[in-house]
Amino acid sequence: MLHDKNFVITSDKSWSDSDVGDAQSMAVEMSRYNRVLYVNPPQDILQLMKGSVDGDFRSSIWRGPNLAIKRISHSLWIMEPPIITAPVNKISYDSVFDVLNKKNNRKLSRAIFWAMNELGFEEIIHINDNDVFGSFYLKEILMPKLSVYYKRTDESKFNYIDNQINRLEKVLIRKSDVIITNSDAYAVRFRDHNLNSFSVGHGVDFSNVYLDYSVKNKLRSIPGPVIGYAGGLDVRHMSPDLIFKLAVSRPDYSIVLVGSEDNIFKKHSLHLLPNVYFIKEDRKDKYLSYITYFDVCIYPVAVNSITNMEYHSKIDEYLYVGKPVVSADMPAMNHFYEHIYLASDSNNFIALVDKALHEFRDTVMRQSRVELAKSHSWENCVERIHYLIDLILRESYPGDRLDVYEESMIYS
């Protein structure tokens, strides 16, 4: 475990108190033993013109640079960079994009150097959280002791194809000292560009879980057994046809689907079946409350290139309350295969739901599921990250460094 190091985390997502993201959870855990500066992405001129600056702290930075740093805990700070950058996302000409993006990176670097000086940071470890554009040149400018690219699965970007991201991310992967990701599939793919690419799994935070027992009122009139799913209902990730086949084949089961639907789900024939119950719930923090009343949890995931890249933290939610889980089988389920039922096809899925119903009261299996979910904590995830960083700092890690990065490579 690393201690007393200085970490600078740059991210494509701003720090939020309402929607805690992966990098934010990672920063909090790292700050237990190290000093951490979390840098929000800077505002560009278009965002300012649209009036997207929000919150007292976010607007106060313009009244003086000393207000740009906010202390969160004893050894954790966040910085709102007091700079305005040029918007580059829509620029299609590579040479123009690179000139403006490098200027943006230099502006951000000056703000980071100023913050480091204010906080007494000298030698740093830089973690780039999914920020391909804004942190592309920071290795060369900040010259950290170690440069880490953290690639997390982000469903909002799966269908967003950007030539600049495709062009620059390969170079960013090549030149970073180590790549960490929460996806086994990403780790395998990235080893084509950097042998020091590792999956560290995913952190799940159950520390602030609360159960709202009032949701029982919404389930009171639904007959058992209850086969449930709680989460987003969109066809990119979930298969309505698989749920439909289960509901038709087992009319004596109540299929309860909690969450928000996309337009395809809303128009699906599932709504015509008497044993299928839709409960609209926009608050993700209430999902666990519903799950506690399910007899069997299903994960009718649509197996495709999108879902096979993800870490399926929904399974951790199910396991945390000890419920038996039936999911479609796919390589991305490797983290859970000994603790859940994995179906090879729709008929097998139905048969495994039947089997799961017969063991949902098994206390031994229930406890093993709970323990697995707890092991997927941010504490354990960050411990793995620290272990890899420590190996690399001591130069006793697997793999060899690739060729030294040359700026001309971004044009290849």
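Me: Hello! At 32% relative accessibility, how does Ile84 count?

Reply: This is a predicted model, in which local features need pLDDT of at least 70 and side-chain atom pairs count only at pLDDT 80 or more, while totals for chains, interfaces and linings use all residues. Residues are numbered from 1 along each chain as its sequence is written, and side-chain values use heavy atoms, with hydrogens and water left out. Buried means under 20% relative accessible area, exposed means over 50%, and partly exposed is in between (1.4 Å probe, protein chains only). With its 32%, Ile84 therefore counts as partly exposed.

Me: Which strand holds Ile84?

Reply: Strands (E, at least two residues) and helices (H or I, at least four) are DSSP runs, numbered from the N terminus. The run with Ile84 covers residues 84-85, and that is strand 6.

Me: How is helix 12 oriented to helix 14?

Reply: The axes of helix 12 (residues 313-320) and helix 14 (residues 363-375) come within 7 Å and cross at roughly 135 degrees. Axes are lines fitted to C-alpha atoms, for helices over the stretch in contact, with angles from 0 to 180 degrees between N-to-C directions. Under 35 degrees counts as roughly parallel, over 145 as roughly antiparallel, 65 to 115 as roughly perpendicular and the rest as oblique. That angle therefore makes helix 12, relative to helix 14, oblique.

Me: Which handedness does the crossing of helix 4 and helix 6 have?

Reply: Helix 4 (residues 94-119) and helix 6 (residues 163-175) pack at about 65 degrees, with axes 12 Å apart. That makes helix 4 roughly perpendicular to helix 6. A crossing is left-handed if the near helix is turned anticlockwise from the far one by less than a right angle, and right-handed if clockwise. The crossing of helix 4 with helix 6 is right-handed.

Me: How many residues apart in sequence are the parts tied together by Glu140 and Lys175?

Reply: The side chains of Glu140 and Lys175 form a salt bridge (3.0 Å, N to O), a term for a side-chain nitrogen of Lys or Arg within 4 Å of a carboxyl oxygen of Asp or Glu. Glu140 belongs to helix 5 (residues 138-142) and Lys175 to helix 6, so the tied parts are separated in sequence by 35 residues.

Me: Which residue meets Lys151 in a salt bridge?

Reply: Lys151 counts as buried at 12% relative accessibility. Its N to O distance to the partner is 3.1 Å, and that partner is Glu169.

Me: How many salt bridges does a search of the whole structure find?

Reply: One more example joins Asp234 and Arg236 (3.7 Å, N to O). The whole-structure count is 19.

Me: What distance separates the C-alpha atoms of Glu261 and Leu233?

Reply: Glu261 sits in the loop between strand 12 (254-258) and helix 10 (263-266). Glu261 and Leu233 are 28 residues apart along the chain, and their C-alpha separation is 4.6 Å.
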